[in-house]
Amino acid sequence: MPHFIIEYTDNIKAEAEIPALLKKVNQLLISYDGTFPIGGIRSRAIELHDYVIADGTEDDAFVHAVLKIGAGRPESVKKMVCDELFQVMKDHFADLFANRYLALSMELIEFSEAGTYKHNNIHARYKKTATEK
């Protein structure tokens, strides 16, 4: 963990540069050295084809993000990360926002480790790299 998941409407795909946004998100999360294990960071996007926004009469668009993290981080850290992630989103979509109707939103989901299952050998690569330094 963390997982960053965005849903976006297909009417912005050509201009949205979603892969670039996902890379920015990962770099921001990595910059919180030690707060989030690098090997657990996942960012992904889901393009939506079926949606209705507002009254459905305009070519409105939206991007909704969810940051899922395990419990235990201080409130101050969660707020800082979410503020920075949402600013990354606003900066990334600034041109689109200026030229069309667009709704941006983000939420944080924090859960306990009870009931989650993980099997990940990616973490080992980063532990090995840290000890080799």
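**View 1. Glu-17 in the loop between helix 1 and helix 2.** Glu-17 is placed in the loop between helix 1 (13-16) and helix 2 (18-31), where helices (H or I, at least four residues) and strands (E, at least two) are DSSP runs, numbered from the N terminus. Although Glu-17 is not a glycine, its phi is positive, at about 50°. Glu-17 counts as exposed, at 52% relative accessibility; buried means under 20% relative accessible area, exposed over 50%, and partly exposed in between (1.4 Å probe, protein chains only). The model is predicted, so that local features need pLDDT of at least 70 and side-chain atom pairs count only at pLDDT 80 or more, while totals for chains, interfaces and linings use all residues. Residues are numbered from 1 along each chain as its sequence is written, and side-chain values use heavy atoms, with hydrogens and water left out.

**View 2. Ala-54 in the loop between strand 2 and strand 3.** Ala-54 is found in the loop between strand 2 (42-48) and strand 3 (61-70), and this residue other than glycine has a positive phi, near 55°. With a relative accessible area of 69%, Ala-54 is exposed.

**View 3. The aromatic pairs.** The count comes to two aromatic pairs, under the rule that rings of Phe, Tyr and Trp (its six-membered ring) pair if their centres lie within 6.5 Å, with planes under 30 degrees apart counted as stacked, over 60 as edge-to-face and the rest as tilted. The ring centres of Tyr-32 and Phe-36 are 6.4 Å apart and their planes stand at 65°, so this pair is edge-to-face; Tyr-32 and Phe-36 are both buried. Tyr-51 and Phe-62 also form an edge-to-face pair, with 6.4 Å centre to centre and 85° between the planes. Because Tyr-51 lies in the loop between strand 2 and strand 3 and Phe-62 lies in strand 3, the pair ties together parts that are eleven residues apart in sequence. Tyr-51 is partly exposed, with a relative accessible area of 27%.

View 4. Leaving aside neighbours within four places in sequence, Ile-6 is in contact (heavy atoms within 4.5 Å) with residues including Ile-18, Leu-21, Arg-44 and Val-63.
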